[in-house]
There are 2 protein chains.
Amino acid sequence: MSGVPELLVLRLLANQEMYGYELVRTIKLVTGEAISIGEGVIYPILHNLESAGALKAKRKPVNGRTRVYYSVTTKGQKRLQLLISDWQRINSGVKAALGEPEHA
Amino acid sequence: MSGVPELLVLRLLANQEMYGYELVRTIKLVTGEAISIGEGVIYPILHNLESAGALKAKRKPVNGRTRVYYSVTTKGQKRLQLLISDWQRINSGVKAALGEPEHA
DNA sequence: CCCAATACCTTGAACTACGAGGTAATACTA
DNA sequence: TAGTATTACCTCGTAGTTCAAGGTATTGGG
């Protein structure tokens with residue numbers, strides 16, 4: 001029903017490639033601290049999306065550490081579109097229900 | 001993360017008492033078909049909220065059938081407020097992330 | 001030298017949600 | 001009057017989601 005973490009991951013990666021640890025920080029940043037998603041959520045999502053062919057990974061050694069950069073594939077863009085329209089549908093439904101003072 | 005079904009149940013019952021079967025239909029109705037929540041989701045939520053003291057149940061025989069009407073307690077209203085503010089927080093976060101064309 | 005930060009990861013549990021079924025009564029239709 | 005649809009309750013098993021807590025290894029600052 002929610003799928004918010006996956007939506008955010010795909011949305012941010014559609015902008016530019018990033019690595020997992022960076023995503024954790026960026027999500028907190030762009031949502032103005034409203035949403036905070038831990039590494040224990042991010043990494044499984046990245047792995048699942050990659051094996052589903054929605055993301056592709058590129059390993060880059062930076063300062064001796066290895067970063068795994070992810071970018072969105074065509075399949076991933078379709079998935080993103082789907083998640084966005086799902087979210088908007090749910091959102092409009094909830095908004096309608098919340099702004100419902102009287103109803104028979 | 002989501003909690004949408006519970007939110008809708010509490011919100012609608014805050015308006016007026018209803019029974020489970022009625023909630024299923026009403027949710028579809030007020031959300032303009034955007035959200036459809038089955039009985040397999042509704043009834044467990046009603047039972048959980050009742051045993052948590054957020055709802056109180058009243059059995060009414062109607063046409064030989066028994067309906068269980070639920071209404072929101074003070075505790076339930078607090079819970080509703082909490083779920084609403086959670087939802088709004090998530091929603092503003094997602095909106096911020098979605099309308100994010102460029103970001104360093 | 002030690003601790004914080006970076007960067008990856010997994011695991012187990014909890015919670016959420018869904019579909020499929022099961023019961024029983026009334027109401028409609030043929 | 002027989003059969004089907006609708007109302008109305010419910011549970012169960014499963015699948016999916018999310019989380020906190022941990023574990024490893026490196027770099028950088030104090």
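In the hairpin formed by β2(B) and β3(B), 2 residues lie between the strands, and N63(B) adopts a positive phi near 60 degrees. Strands here are DSSP runs of E of at least two residues, and helices are runs of H or I of at least four, both numbered from the N terminus. This is a predicted model, in which local features need pLDDT of at least 70 and side-chain atom pairs count only at pLDDT 80 or more, while totals for chains, interfaces and linings use all residues. Residues are numbered from 1 along each chain as its sequence is written, with chains lettered from A and ligands numbered from 1 in the order in which they are written.

Strand β2 (residues 55–62) and strand β3 (residues 65–72) of chain B pair antiparallel over 8 bridges; pairing requires that DSSP find at least two bridges between two strands. Within this pair, R59(B) has V68(B) as its bridge partner.

I turn to chain A. Its strand β2 (residues 55–62) runs antiparallel to β3(A), joined by 8 bridges, and K56(A) is partnered by S71(A). The hairpin again has 2 residues between β2(A) and β3(A), with N63(A) in the turn at a positive phi of about 55 degrees.

Finally, the DNA. The largest share, 5 residues, comes from α3(A).
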